[in-house]
Amino acid sequence: MSGKLYNTKADVYSFMILLWEIMTRQLPFATIMNGWQLAGAVIGGQRPAVPESWPADLRDLLARGWHGDVTQRPAFKDIVPVLAGIHAKWAFTGGDSISK
């Protein structure tokens with residue numbers, strides 16, 4: 001989007017957006033209707049709001065996956081164990097409302 005070469009870190013960003021969408025059942029940037037404005041917002045650092053009620057490790061993972069510096073985004077090989085740990089903790093507590 002910003003003229004930089006594409007690599008898998010762009011997929012990490014997209015995956016985190018998709019994860020946020022699934023968790024919230026909402027569309028990110030729903031109030032932005034123009035593609036150029038959306039691109040400007042994302043390049044400018046705007047990210048979807050993450051509920052404070054979500055586990056800290058999930059909030060941290062999303063923040064790292066959306067990092068403006070692509071070199072700071074985690075690799076998928078590092079994301080999977082974090083998500084597995086979050087799932088294990090969440091499933092252990094019997095939670096079914098992590099998205100709220």
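**Exercise 1.** Determine whether Asp 60 is buried, partly exposed or exposed, and state where Asp 60 is placed.

*Solution.* Step 1: recall the classes. Buried means under 20% relative accessible area, exposed means over 50%, and partly exposed lies in between (1.4 Å probe, protein chains only). Step 2: apply them. Asp 60 has a relative accessibility of 40%, so it counts as partly exposed. Step 3: locate the residue. Asp 60 is in helix 3; helices are DSSP runs (H or I, at least four residues), numbered from the N terminus.

The model is predicted: local features need pLDDT of at least 70, side-chain atom pairs count only at pLDDT 80 or more, and totals for chains, interfaces and linings use all residues. Residues are numbered from 1 along each chain as its sequence is written, and side-chain values use heavy atoms, with hydrogens and water left out.

**Exercise 2.** Classify Arg 25 and Phe 29 as buried, partly exposed or exposed, and describe the phi of Arg 25 and of Phe 29.

*Solution.* Step 1: Arg 25 is found in the loop between helix 1 and helix 2, and Phe 29 lies in that loop between helix 1 and helix 2 as well. Step 2: Arg 25, at 69% relative accessibility, counts as exposed, whereas Phe 29, at 15%, counts as buried. Step 3: Arg 25 has a positive phi of about 60° although it is not a glycine. Phe 29, also a residue other than glycine, has a positive phi near 55°.

**Exercise 3.** Identify which residues touch the most other members of the largest nonpolar core, and which helix supplies its largest share.

*Solution.* Step 1: a nonpolar core is a set of buried Ala, Val, Leu, Ile, Met, Phe, Trp, Tyr and Cys residues joined through side-chain atoms within 4.5 Å. Step 2: the largest one has 18 residues, of which Met 16, Leu 58, Leu 62 and Trp 66 touch the most other members. Step 3: helix 1 (8-24), helix 2 (35-43), helix 3 (56-65) and helix 4 (76-92) each supply at least two residues of this core. The largest share, 7 residues, comes from helix 1.

**Exercise 4.** Describe how helix 1 and helix 3 pack.

*Solution.* Step 1: their angle is about 140°, and their axes (lines fitted to C-alpha atoms over the stretch in contact, with angles from 0 to 180 degrees between N-to-C directions) are 8 Å apart. Step 2: helix 1 is therefore oblique to helix 3, since angles under 35 degrees count as roughly parallel, over 145 as roughly antiparallel, 65 to 115 as roughly perpendicular and the rest as oblique. Step 3: the contact (heavy atoms within 4.5 Å) involves Val 12, Tyr 13, Met 16, Leu 19 and Met 23 of helix 1 and Leu 58, Leu 61, Leu 62 and Gly 65 of helix 3.
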